[in-house]
Amino acid sequence: MTILNRKPFRTVGAPVSTPVQTVRRLVRTTVDLLFPPRCILCGGLPEGETAPFCPGCATLLERERRQPACPTCAATVGPFEISDERCRKCRNRRPWIAKTVRVGPYRVEANNGDRERDNVSTLGRLLRSYKYSGREESGPILGGWLAQVVAGAPWLDRVEAIVAVPTHWKHRLTRPLYAAETLTAIVVKRTGLPQAQVLTRVKAGRHQMGLSYTDRSDNVRGAFAIRRGATLNDARLLLIDDVKTTGATINECAKVLRRGGAAEVYAAVVVTVDLDRPTSRVFSSI
Ligand SMILES: [Zn+2]
Ligand SMILES: [Zn+2]
């Protein structure tokens, strides 16, 4: 019995573990050895700082996040395409949204030049796995990157509150999670800006996925309204959504906010879908 009463053996500076902690650590190490943590995207082995991605996926994600985008509409842009802060796609438009930031593109150019292939970016695959395959661990990663681009936006000091693109209650019943809301919560926490619950979705409509450009606009027309009792008083707001495809949803929200009294509306999304190649697949995959 004297052995049990003995003080644990220490080396100078070494932390003392309780038996429970030691057993837990042993179990964790054994589990990690038997089933090492795998890359969320491809199942490869992460290396040090690349976790939770393998070095290959981490490099692709880094590259996609650095890809230049239009400061106004957040579309992917080539060199020398921006003039007066606009790309050729949005130069002649006067949108309801003043400026947009994004984390990266939903599509990447095919290496083999095959334009029919559904060239979803690594970032796009990560967002898809989060939205549709229940990979909830991707949420804080995507939300963190979105918060980073928002924090780096030159217009951030003008923004007074954040608004999530709202969902209809009927859609909540059939979807595992609502990405815009969870991502907004992360951006709110990281930026310290308040969230304004001023917008509501009054018409469910069909899911935008699979609809053409025109159908998407028709589908969201009249879908949003200012919440009863909310006053906007020349507020400058930041709208958050996960995807911008044609921009129909986010533009409709911005229109309702502006007509409801907001002075300026900015937007932040995780991915923008490049519509230079409008095949039916562009609309069907997210
Ligand atoms: Zn990987
Ligand atoms: Zn643009």
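**Close-up views of a predicted model**

**Helices α5 and α7 in contact.** From α5, residues G139, P140, L142, G143, G144, L146, A147, V150 and A151 meet T182, L183, I186, V187, R190 and T191 of α7; contact means that C-beta atoms, placed from the backbone, lie within 7 Å. These contact residues comprise nine nonpolar, five polar and one charged (nonpolar: Ala, Val, Leu, Ile, Met, Phe, Trp, Tyr, Cys and Pro; charged: Asp, Glu, Lys and Arg; polar: the others, Gly among them). Axes are lines fitted to C-alpha atoms, for helices over the stretch in contact, and angles between N-to-C directions run from 0 to 180 degrees.

**The whole predicted model.** The model is predicted: local features need pLDDT of at least 70, side-chain atom pairs count only at pLDDT 80 or more, and totals for chains, interfaces and linings use all residues. Residues are numbered from 1 along each chain as its sequence is written, while chains are lettered from A and ligands numbered from 1 in the order in which they are written. The protein has ten helices and six strands (DSSP runs numbered from the N terminus: helices are H or I, at least four residues; strands are E, at least two). Of its 286 residues, 34% are buried. Among contacts between residues at least 6 apart in sequence, 69% join residues at least 24 apart.

**The open sheet of four parallel strands.** The strand order is β1-β6-β5-β2, and the pairing is parallel; two strands pair if DSSP finds at least two bridges between them. The edges are held by β1 (100-105) and β2 (161-164), each with a single partner strand, so one side of each has no neighbour in the sheet. On average, neighbouring strands of this sheet are turned by 20 degrees against each other, direction ignored.

**Bridges between β5 and β6.** Strand β5 (residues 236-244) runs parallel to β6 (residues 264-272), and eight bridges join the two. Along this pairing, R236 is opposite E264, L237 is opposite V265, and V243 is opposite V271. Eight of the nine residues of β5 are buried, so β5 is largely enclosed by the rest of the structure. In β6, nine of the nine residues are buried, so β6 is likewise largely enclosed by the rest of the structure. A residue is buried if 20 or more other C-beta atoms, placed from the backbone, lie within 10 Å of its own, exposed if 12 or fewer, and partly exposed in between.

Strand β1 pairs with β6 in the parallel sense over five bridges. Within that pairing, R102 stands opposite V269 of β6. Strand β2 runs parallel to β5 and is joined to β5 by four bridges. Here A164 has I240 of β5 as its bridge partner.

**Helices α4 and α5 against the sheet.** Helix α4 (residues 122-132) lies across β1, β5 and β6, and runs at about 95 degrees to β6. Helix α5 (residues 138-151) also packs on the sheet and touches β1, β5 and β6. The direction of α5 makes about 135 degrees with that of β1.

**A cis peptide bond at P52.** The bond joining A51 and P52 is cis, with omega of about 5 degrees. Residue P52 sits in the loop between α2 (19-34) and α3 (55-66). Most peptide bonds are trans, and most residues other than glycine have a negative phi.

**Positive phi at D84 and E85.** Although D84 is not a glycine, its phi is positive, at about 55 degrees. Residue E85, also other than glycine, has a positive phi near 65 degrees. Both belong to the loop between α3 and β1, which holds D84 and E85. D84 counts as exposed because it has 7 C-beta neighbours inside 10 Å. E85 is exposed as well, with 12 other C-beta atoms within 10 Å.

Terms used. Two residues are in contact if their C-beta atoms, placed from the backbone, lie within 7 Å.
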